[in-house]
Amino acid sequence: MAYAMVVLTFYDLGLYFAHNAKRFSCLASVLFFFVASSSFTYPEAISLNISFVSDFNESENESENYYTSDTLAVSEGESDAVLAEIVEVDPSIMTSPDAVASEYEEATDAQISSEDIDFDDIEEESIEELNASENKEFSADDWNLILVNKQHPIPEDYSFPLADINSTMKCDERVIAPLKAMLKAASDDGIKLVICSPYRDSDRQEGLFARKIAYYMDAGLSYMDAYNMSSQAVTVPGSSEHQIGLAFDIVTGDYYELDEGFGDTPEGQWLANNSYKYGFVVRYLQGKENITSIEYEPWHFRYVGTAAATIMHDENLCLEEFWDNYLYD
C-alpha cells in the first residue's frame, strides 16, 4: 500500500505539471526576466557601451576646478557632473555633446596655491611611521576596510571624522596624509594627477541619481528603465564609497575622460603600480565585473590601508574577494 501511494502521488504530480506546462513556463520566464533586469544583478548592458563613471565631466572652459599634484593647488568647488553615456540600442536616446555639457554644474574660481598647504606631515618618515603603526590583523570592524556596494549599503549609524582637503573638498580625515603623500610622490616622479571627486554627502548623491533618472526619462524611457540605466552609471544613494570619504576619482591634466583609456596613460599606470604603497587600490578591477557589479574603472581609487592594499595588489584582489579570503570566517 505504501509503495502504491508513493507511485500514485508522483504520477498525479507529473500529470499536474504536464497539464499546466504553459502556466509554469510563463512563471519561470517572468522570474528569469525579473532577476535578469534587476538593478542588483550584474548589468549585461555593458555591451551597450555604458560607462560606469562617477560625477566628473571636463570641458575646455573648466580646467581650473581640480586638486592637482602638478601644482599641488586646489580650486574652489567640486566637479560633480555625471558624464553622460552614449547608448547605441535606441537612437532616440543618443546624447549630444551639448547635452553632456549641460549636466556640468559651474564651480567658483577661487584657488588655493601650493604655498597655502603644509606638507610637513607627509614626509616619507611620517608615512613609514603610519605604515608601521597599522594593524596587520584584519577585522571586519576596521574603518578602512568597510565594504560598501549595492549589497552592502552604508550602515545608518556609520560615522567618520570628516575634514577638509581644501576649502571645498573633503574626505575622511584619516586619509588626508596618505593621499597628499601619494600626490607628492607622483609629482616627484613627473606624474600629474588631478582629484576630481572626493567626498559627497547623501544629498549630493541623491541629487546626482535623481538628475540621471530625469535625464533618461526625458529621453523617453519609463521610470523603471531609467532607474536601471541610472544605477549602472551613478551608484545608488547609500551605496557609494564617496559618501564615506574613502574614495577618489583621479585623472590627469592630459587625459580628462573617465574611461578605460585612463588605465593606459602613464598616470594611470603609475597609480596602478604605486598607489598601494600609500594604502590605495583600484577599486573596480578589470576582469572582476561579475564580482563588483561595476565596470573596470582605472580612475576610481579607494583607501584600504597599506597592509590590505599590498595584499590586494600582489594577489590581484578586489575588495569583495579580500573580504572573502581574509575577513569572513
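This is a predicted model: local features need pLDDT of at least 70, side-chain atom pairs count only at pLDDT 80 or more; totals for chains, interfaces and linings use all residues.
**Entry 1: salt bridges**

I began with charged pairs. Side chains of opposite charge can pair when their charged atoms come close. My search of the whole structure returned seven salt bridges. I looked up three of them in detail.

I took K170 and D164 first. Their side chains meet in a salt bridge at 2.5 Å, N to O.

Next I checked R302 and E241. Their side chains form a salt bridge with an N to O distance of 2.8 Å. Where do the two partners lie? R302 is in strand β9, residues 297–303. E241 is in the loop between α7 (223–233) and β7 (247–251). The two are 61 residues apart, and the pair links distant parts of the chain. I then looked at burial. R302 has a relative accessible area of 0%, so it is buried. E241 is at 2% relative accessibility and therefore counts as buried.

R283 belongs to strand β8 (residues 280–284), while E320 belongs to helix α11 (residues 319–327), so the bridge ties together parts that are 37 residues apart in sequence. Both R283 and E320 are buried.

I then asked which residues are linked in a network of salt bridges. The network contains E241, R283, R302 and E320.

**Entry 2: aromatic rings**

I moved on to the rings. A pair of aromatic rings is described by the distance of the centres and the angle of the planes. The whole-structure search gave 14 aromatic pairs. Y223 and Y227 have ring centres 6.3 Å apart and planes at 40°, so I logged this pair as tilted. Both tyrosines sit in helix α7, four residues apart, or about one turn of the helix. Y223 counts as partly exposed because its relative accessibility is 44%.

F322 and Y326 make a stacked pair, with 4.9 Å centre to centre and 25° between the planes. Why are they separated by about one helical turn? They are four residues apart in helix α11, and that spacing is the reason. F322 is buried, with a relative accessible area of 0%. Y326 is partly exposed, with 33%.

I also looked for a cluster. W143, F248, F280 and Y303 form one aromatic cluster. What sits over the ring of W143? The charged end of R174 does, 4.0 Å from the ring centre.

I turned to helix α5, residues 176–188. This helix has 13 residues. From its first C-alpha to its last, α5 reaches 18 Å, close to the 18 Å expected at 1.5 Å a residue. Which residues of α5 are buried? They are I176, P178, L179, K180, A181, M182, L183, A185 and A186. G190 follows α5 and has a positive phi, near 80°.

Helix α10 covers residues 306–315. Its buried residues are T306, A307, A308, A309, I311 and M312. N316 follows α10, and its phi is positive, near 55°.

I then took a C-alpha distance to F280, a member of the aromatic cluster.

**Entry 3: a nonpolar surface patch**

Last, I checked the surface. Which residues form a nonpolar patch there? The patch is V6, F10, L13, Y16 and F17. Together they have about 530 Å² of accessible area. I looked up V6 on its own. V6 lies in helix α1, residues 2–19. Its relative accessible area is 44%, so V6 is partly exposed.

Notes:
Residues are numbered from 1 along each chain as its sequence is written. Side-chain values use heavy atoms; hydrogens and water are left out. Patches are made of residues with over 30% relative accessible area and no salt bridge: like charges are joined within 9 Å, nonpolar side chains (Val, Leu, Ile, Met, Phe, Trp, Tyr) within 5 Å. Accessible areas come from the Shrake-Rupley method with a 1.4 Å probe; for residues, only the protein chains shown count as cover. A salt bridge is a side-chain nitrogen of Lys or Arg within 4 Å of a carboxyl oxygen of Asp or Glu. Buried means under 20% relative accessible area, exposed over 50%, partly exposed in between (1.4 Å probe, protein chains only). The expected span of a helix is 1.5 Å times one less than its number of residues. Rings of Phe, Tyr and Trp (its six-membered ring) pair if their centres lie within 6.5 Å; planes under 30 degrees apart count as stacked, over 60 as edge-to-face and the rest as tilted. A charge sits over a ring if NZ of Lys or CZ of Arg is within 6 Å of the ring centre and within 35 degrees of the ring normal.
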